[in-house]
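Hi,

Here is the structure I promised to pass on. Have a look, and my notes follow below.

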Amino acid sequence: MQVSSLNEVKIYSLSAGRSLPEWLSDRKKRALQKKDVDIRRRIELIQDFEMPTVSTKIKVSRDGQYIMAVGTYKPRIRCYDTYQLSQKFERCLDSEVVTFEILSDDYSKIVFLQCGRFVEFHSQHGHYYKTRIPKFGRDFSYHYPSCDLYFVGASSEVYRLNLEQGRFLNSLQTDASESNACDINPVHFLFAMGTAEGKVECWDPRARNRVGLLDCALSSVTADTEIEGLPSVSALKFDGALNMAVGTSTGQVLLYDLRSSNPLIVKDHRYGLPIKSVQFQRQLDLIISADSRIIKMWNKDTGKIFTSMEPEHDINDVCLYPNSGMLMTANEAPKMNIYYIPVLGPAPKWCSFLDNLTEELEESPESTVYDDYKFVTRKDLENLGLSHLIGSSLLRAYMHGFFMDIRLYHKAKTMANPFAYEEYRREKIRQKIEETRAQRVQLKKLPKVNKELALKLIEEEEEQQQVTRKRKQKNLPSLLKDDRFKIMFENPDFQVDEQSEEFRLLNPLVSKISEKRKRKLKILEELEAENQEEEEEPEGKASDAESSESSDDEKGWVEEVRKQRKLLRQEEKVKRQERFKEDQQTLLKPQFFEIKEGEEFRSFKDSAKKQKLMKKTLGDRLKLEEKLGTLNVSDTTVGSKQATFKLKKSEQQKRQQEAEKRHRQERKTLRRSANHLKSKRGRGRLFH
């Protein structure tokens with residue numbers, strides 16, 4: 001089993017045994033198999049997992065029990081049962097298979113698209129039916145809700161074959177001259193097809209109308225890519241309801257969100273080869289894209305490479321076993337490769353022993369056959385005096401050098417290098433010089449922000465290290481190396497303002513404390529030198545000298561603090577005087593305010609009242625409205641509250657209402673006086 005690692009991702013090749021040099025003779029290989037148990041016990045995960053010549057496509061059934069592969073020669077399909085780890089059946093076909101699809105959960109319903117425009121259906125017992133499409137097909141997809149097969153190929157039409165009715169339906173007419181790939185979204189069943197012009201057309205199967213068009217050829221051209229010719233779409237795959245990956249014939253992979261016409265990420269394989277397969281790995285948000293030379297796994301959000309694999313032979317197809325870390329490939333070789341990547345997921349349940357096996361291999365790394373050989377270049381051979389062996393059986397050409405037996409290399413080195421002791425002595429002298437350089441005074445690299453604070457922390461750290469070294473204690477973490485306080489020495493906003501009041505009042509205390517600390521350290525060093533065997537004084541019990549010095553220190557910094565306070569008061573007084581002078585010099589200019597139309601100016605008190613009212617909370621305003629009588633809150637029978645508001649009237653409306661009221665009163669008084677006069681006249685006539 002071969003083990004490779006890229007970006008610290010272990011990849012186990014289960015279809016290959018232990019790595020052996022290609023130039024070893026058959027006799028040596030047989031000898032190694034007899035001696036080495038690991039080579040003799042190479043893993044063969046699935047028995048006879050190969051094709052006679054070439055394998056073209058490989059797929060896994062939905063239940064995960066069967067693996068199906070097609071290849072040549074003769075054209076055939078092989079089905080492998082994972083529960084039995086062996087081949088279940090093999091069927092030969094009339095022509096080569098372009099692609100195939102498993103319609104059922106197991107192997108009972110399979111559809112093959114063949115080279116001769118034939119579409120062949122197989123059931124559980126074998127061949128069931130064969131029909132033909134008008135043009136050569138290149139890919140097809142199955143629409144589950146309507147039981148329709150959509151065929152794309154060397155035509156502008158998309159042929160539809162209904163499996164329920166057993167007849168062809170009206171084809172979809174597209175704007176493309178040819179189509180290379182297609183896929184149906186598993187969520188909303190949108191049909192997408194990639195054209196030879198580098199475009200992706202999206203169709204709604206319900207209305208049979210085109211609903212979208214993406215120009216992938218134009219989007220694949222970026223500043224970092226070099227493209228020869230027009231990129232056509234060679235692979236297509238949906239992920240969920242909104243994401244779609246498109247592979248081009250020039251080696252680019254474009255990730256789209258269906259809501260946008262611009263790609264989210266454009267990933268270039270940089271080989272200029274057509275993309276053969278695109279797969280999604282949802283557990284780690286990866287995209288697995290493959291051309292005929294390399295398989296790349298990269299993050300779909302950032303585009304960063306996760307890992308990659310370069311098989312020995314060209315790749316035709318890639319299949320990811322569902323919900324696991326197993327990957328299978330169809331190659332231009334008889335053997336189909338199986339890879340296991342533990343980071344992607346666990347091993348399938350039918351080969352769960354792989355997890356234990358890989359864990360044991362990681363715990364006990366083993367040597368390879370190459371440990372018995374030494375790789376040397378032409379320059380190394382000239383230094384050893386073995387350049388005359390080039391072309392003989394003692395040297396095997398490999399890449400830019402040669403492999404030779406390690407025992408021959410050691411013998412030649414001891415004979416060709418009689419001054420080995422001089423080299424050893426020179427190396428020792430160089431090491432001593434490096435040690436003395438390390439003991440020299442190193443220049444302190446201070447940060448750009450808070451340099452004085454950083455210098456003070458470095459000095460305190462050095463003093464602390466000396467104390468801990470003598471007391472044999474553990475060193476405390478440095479504040480400069482702590483990520484939590486890194487921004488304090490990088491961001492200028494955290495610069496200490498030495499002119500601020502807080503700093504000027506605190507600075508005498510800080511300086512005196514640092515001097516006090518240095519004096520204490522000197523006293524401790526003298527005591528330790530005199531009485532090395534005596535115990536140190538416990539903290540908190542200082543000597544008389546220390547107590548007297550501490551009292552002097554306290555008096556000193558108190559006086560300095562008083563001085564600083566006096567200076568601050570004087571500065572504030574000067575600032576106040578300057579402000580007063582500026583106020584006297586400034587002339588007050590009149591300000592004019594515009595009154596809205598229909599309003600009268602009374603005083604500034606009304607506006608002040610409005611501002612105070614707006615600053616109050618809603619509850620306070622409601623209480624005020626209740627007091628004024630413009631709001632009435634009552635409880636209903638259901639248990640809720642009912643609020644009734646009365647709209648406020650403007651001053652103009654109030655004046656109009658008062659004028660109308662006065663007018664009505666005047667009319668009433670006039671009416672009464674008129675009625676009174678009429679009654680008097682009537683009485684006078686009666687008396688006459």
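A patch of negative charge sits on the surface, made up of Glu452, Asp497, Glu498 and Glu502. Patches take residues with over 30% relative accessible area and no salt bridge, joining like charges within 9 Å and nonpolar side chains (Val, Leu, Ile, Met, Phe, Trp, Tyr) within 5 Å. A salt bridge here is a Lys or Arg side-chain nitrogen within 4 Å of an Asp or Glu carboxyl oxygen.

Before going on: this is a predicted model, with local features needing pLDDT of at least 70 and side-chain atom pairs pLDDT 80 or more, while totals for chains, interfaces and linings use all residues. Numbering runs from 1 along each chain as its sequence is written, and side-chain values use heavy atoms, leaving out hydrogens and water.

Asp497 is in the loop between helix H8 (451–471) and helix H9 (501–530) (helices are DSSP runs of H or I, at least four residues; strands are E, at least two). Its relative accessible area is 47%, so Asp497 is partly exposed (buried is under 20%, exposed over 50%, partly exposed in between, with a 1.4 Å probe and protein chains only).

On to the rings: there are ten aromatic pairs (ring centres within 6.5 Å; planes under 30 degrees apart are stacked, over 60 edge-to-face, the rest tilted). One of them is Tyr66 with Tyr107, edge-to-face at 4.9 Å centre to centre and 75 degrees between the planes. Tyr66 is in strand E4 (residues 66–72) and Tyr107 in the loop between strands E7 (97–102) and E8 (110–114), 41 residues apart.

Cheers

Definitions and conventions:
Areas by Shrake-Rupley, 256 points an atom, 1.4 Å probe, with all protein chains shown as cover. Lys, Arg positive; Asp, Glu negative; His and termini not counted. Charge placed at Lys NZ, Arg CZ, Asp CG, Glu CD. Phe/Tyr/Trp six-rings, centres within 6.5 Å; stacked < 30°, edge-to-face > 60°.
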